[in-house]
Amino acid sequence: MIPVALARLREASIVCTTAATGRAVGETLAVRRPPADAATNDARGLAEVPPNPIPCIPLRLAAAWLAPCWRPGLPRKARRCGALAPDAFVDRLPELLELDRMVAGLEAGRGGVCWINGEPGIGKSTLVDLLADRTTDRGCQVYRGASDALLEAFPLRVVADALGVSSRSADPGRAQVAALLRGERSGSEVLDPVLAASERLLDLVDRQCAIGPTVLALEDLHWADEPSLLLFSRLARATGQLPLLLVGTARPLPRRDTVDRLRELVIGRGGVLIALGPLSPGGVAELAGRIAGGAPGPRLRAVLERAGGNPLYVRELVDALVRDHVLTVNGGASEFDGDVPATPLSLSAAIADRLGFLSPSARAALRTAALLGVEFDVADLAVVTGRPVTQVGEVLTEAVESGVLGQSGRRLRFRHELLHRSLVEQMPAALLDALHNEIARELAAAGSPLGVVARHLLLVPERVEDWALSWLAAVPETVLYALPQVWGELLDRAVTAVAPSDPRYQPLATRSAQVLFWLGRDEQASRIAGRVARDTGDAPLAARMRVLLIRSAGRLRRIDEAVNVALCSPGDEGLPLLWRARLGAWSAVALFDAGQVEQAAATALEALDAALESGDELAMGSARHAASICCGPADRPGHMKAALEVLSVGDPEAMDLKMLVMANAVTQFEDLGWIEEAAAMSAEALRLADRIGTVRIARIQGTAAGLCYRTGRWDEALAHLSALDPGLAAADRVDQVHALGVVIALRRGEVESADAHIRAVGVTSPSAPGFYPFAEPLAMRAEFDGDLERAAALMAMRLEGPRIDGHRDDLPYAVRLALETGDRALAAVATERAEAEAVELGSRGRVLAHAFCRALMHGDTAGLLAVADDYRRCGWVPYSGSAFEEAAVSLAAAGETVQARAALTEAARVYAELGAARDLRRADARLRPHGVRRGSRSTHRRAAHGWEALTPGEQRIARLVAQGQSNPDIAKELFLSRRTVQAHVSSILAKLQVRSRIGVALEASRAPAAG
């Protein structure tokens, strides 16, 4: 192996650019250009190679990277096939060393993420080629995909292509993802096909990593669709626990905020950023010499200066000179002997020069192929040209042999995007529009996938042809879910282009309003839905549009507008029962939001009667949901359970409503003290959200985190927090979950972590939007700094705001701060607020919160102890610790030292179990002036690291990791969501202080056997 590598090293003549670089590397191998008897030297072995003063690439690295050698005369290899380019090892030693380090980590089971940045032609894909060959040679799985400017509106295309997702795939999982992305819902119960496909792609990567080390390289991310970028972000967060090397490449221009944030995420997570710059003059000369067959002479070096160190430009420039026969090679040197002005002045000109050597028929075929994209299907090209596939293939062979095209799986791909762009830019814009329209028509007539046809229609912005209007009106509604951005744009154009009197207007406008509503474009959705509702003679359709109007107005917080639509009821008596029920249900919600509680409850019950009579599942679910909001507290759990029983998974609207009801039920059940039911509901909601794909995932994760916090499972709460994807989350849920992170961090004394959460939300003062959910964390932060006055003032402002579901501990906290600062008026206001909520809601949680506030306000020691016991029996562990602490302070102030020590001990046990070091120090400090101290062994200190630091649930997951199970497999076995398992594995790695799943397996093998 080593002699062969040495021979290849000589052939490539790879040298470091500076002696300093070589010395820093160590293990250097000195090589000079091989003499005529190079083969003899190879046979003698490395020891007999004459020394050379130029330090070169390390022997270990040379042998590894040079195994798949480039073959002179061939173009840069097409993705997944071919030979390495001649520029593969020129001037890139630091980058090769960095990649080698990452490959070594991958072999050891450690993942990583790498971002390669640089201008077109600078060598990004060449580095990925090298990495792919290197890791494939070491037994790793390699998957590659590249984005395309024409496919930016089509979600997950780059990731799906990389992972081999196809309807023809023998893997059912890959075939199912392909069906989801085409909008085919049969056999798949999903709400949002794109999010559901994202989850399945994540599962696929996870399972591949369980088989062995995996490389996933996604190129040209500056053109990637938003879901693909979000998926890259989620995968980057997972590389800390998977043997996954994630690689992204992008250009610095065009700038996109999402891409910039992704690059910063890579850096922030300790990833590698490789910013490729131009080759040095020596590197340019080396590369040109390899292509030309001899070291460049002075005139050729002068010509090469215009390449600016860009490897692609150098290659194209030298190739052009060779084709023009203006290069002479003599005695190992190459020299330019032509006219300098005749050489290509730019990279684009050099590309055009290459295309100019093709035959007219090949150029014509390539121009049409370029309209299909950087990567295209030969069968599609045959359809749009009207020629047999065999004839098209014969014409394209010339382009393949000349290096313009390369193979990519079953498709062909332009060797470089600049070749593709050059062909497209040669055509006038008006001609491009006409051609794309004609291509769309031909593909539609041939029965091509709807998304393929839509791609070309998107590229014709000026008009929508009559055939396209009819085609759009006939697209199945289920398909719209898969590509809402695409269909939203096309339907918007269609609605503008068609007259209201046209029979196609109504189906087009209805679908447009629905898609816009899904996309959250409520202004546009409301405008179109209102027009349809006003003009249509179809009463059920009008009712459907009115429901959409009410919900859009509600999301825009235009409550009066929603109520006006709800109360506009001429002819509602003649509606079918199911539409009377659905419309009545959402009208009740609007009335409740407007404060018309009694009318809302009556409307909800009327809707329920109509729904039950109709037997329609969605109508019954909608009415039950409305009743759970509008009716009295005692009736709400029953309505929620009934709604969940009737809402089946299958219909998109029913699934979305089911997720909303489940999230509300978790909070409602827990507030009633039904902890086990709340926990079961939370786990089911998380699993269902993973399966069906929903934008409500942040709400589901937020309720799960809140439940875990209030029941003392703080590590699980943090696991849910770390699993939350900001790109999918609604802002209010993100704020509340980050608020939870601040509270846990401060109670554990981790102020830096708390400040990071505060910065993430950006709420630092009462004037900031979203202050109310964040008031308690900000007050606790002020208290951490010893500023009790500011803390109390923040809580006083919080009491002026609305009630927030799930928030109960803020009122006792406000009372404590008020009493410590001597503000009994504030304490009284907080106690009155707690009493009002207890009376209004009547739940166990609100009643106990009021009892806690009242006992604090009146110094009722017995009441505090009773509250502490009640909290403990209900499972609200952190609250019991706070109540025991307050009881200890009250007892100590009364001189009851023994009882105070006992209460303090109970509080300390709770705090120690939670890891609430800050709470523990505060409790000790408050009792110390009264002479009350805990014994040195009164609490068991919670382990911070090692196997003992893991919770029982984490220990179980760690043992399954040690068995080699993937996160999806663990989730299935433990009835958890994959997100939850992933978050737990991250926590396990941190607590065990290991860097890979292999490390977890070693720690599990040393741990005591499970009981």
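These legends accompany close-up views of a predicted model.

**View 1. The whole chain, for orientation.** The protein chain holds 51 helices and 11 strands. It has 1011 residues, and 58% of them are buried. Take the contacts in the chain with a separation of 6 or more: residues 24 or more positions apart account for 70% of these.

**View 2. Helix α5, residues 93-107.** The helix has 15 residues. At 1.5 Å a residue, it should span 21 Å. Nine names make up the buried set: Leu93, Glu95, Leu96, Leu99, Asp100, Met102, Val103, Gly105 and Leu106. Leu96, Leu99 and Val103 are among them. Residues three or four places apart in an α-helix point the same way, because there are 3.6 residues a turn. Just past the helix comes Gly109, with a positive phi of about 95 degrees.

**View 3. Helix α17, residues 378-385, and its neighbours.** Which residues of α17 are buried? They are Val378, Leu381, Ala382 and Val384. These buried residues pack against three helices, α16 (360-372), α18 (389-401) and α20 (429-445). They also pack against the strands β9 (375-376) and β11 (411-414). At the start of α17, Asp377 places a side-chain oxygen within 2.8 Å of the backbone nitrogen of Ala379. Just after α17 sits Gly386, where phi is positive at about 70 degrees.

**View 4. The second largest pocket.** Its volume is about 1,300 Å³. The lining comprises 42 residues. Closest to the pocket centre are Arg157, Asp161, Val165, Ser166 and Arg411. Several elements each supply at least two lining residues: β2 (141-146), α7 (157-162), α8 (172-181), β9, β11 and α21 (450-458). Which of them gives the most? That is α21, with 4 residues. By class, the lining splits into 18 nonpolar, 8 polar and 16 charged residues.

**View 5. Asp616, between two helices.** Asp616 lies in the loop that links α30 (597-614) and α31 (617-630). Is this residue buried or exposed? Its relative accessible area is 18%, under the 20% cut-off, so Asp616 counts as buried. Leaving out residues up to four places away in sequence, Asp616 touches Leu578, Arg582 and Ala611. Its side chain reaches the backbone nitrogen of Ala619 at 2.8 Å. Leu577 is 39 residues away along the chain, yet the C-alpha atoms of Asp616 and Leu577 are 8.7 Å apart.

**View 6. Ser526 in helix α26.** The helix covers residues 522-535, and Ser526 is part of it. Ser526 is buried, with a relative accessible area of 10%. Its contacts are Leu549 and Ser552, not counting residues up to four places away in sequence.

**View 7. Glu653 in helix α33.** The helix runs over residues 652-671 and includes Glu653. With a relative accessible area of 33%, Glu653 falls between the 20% and 50% cut-offs, so it is partly exposed. The C-alpha atoms of Glu653 and Leu618 are separated by 7.6 Å. Along the chain, these two residues are 35 residues apart.

View 8. Most residues other than glycine have a negative phi. Asp220 has a positive one, at about 55 degrees. Asp220 lies in the loop between β3 (214-219) and α10 (226-238). With a relative accessible area of 10%, Asp220 is buried. Gln993 also has a positive phi, near 55 degrees, and is not a glycine. Its loop connects α50 (978-992) and α51 (997-1006). Is Gln993 buried or exposed? At 57% relative accessibility, over the 50% cut-off, Gln993 counts as exposed. Asp220, by contrast, is buried.

Conventions:
Residues numbered from 1 in each chain as written. Predicted model: local features only at pLDDT ≥ 70, side-chain atom pairs only at ≥ 80, totals over all residues. Heavy atoms only, no water. Expected span 1.5 Å × (residues − 1). Buried < 20%, exposed > 50% of the residue type's maximum accessible area, 1.4 Å probe, protein only. Contact = heavy atoms within 4.5 Å. Polar contact = N/O pair within 3.5 Å; in protein donor to acceptor, adjacent residues only side chain to side chain. 1 Å grid on protein atoms, 1.4 Å probe; cavity = no way out; pocket = protein on both sides within 12 Å on 5 of 7 lines; lining within 4 Å. Points joined across faces, edges and corners; volume = space filled by probe spheres on them. Nonpolar A, V, L, I, M, F, W, Y, C, P; charged D, E, K, R; others polar.
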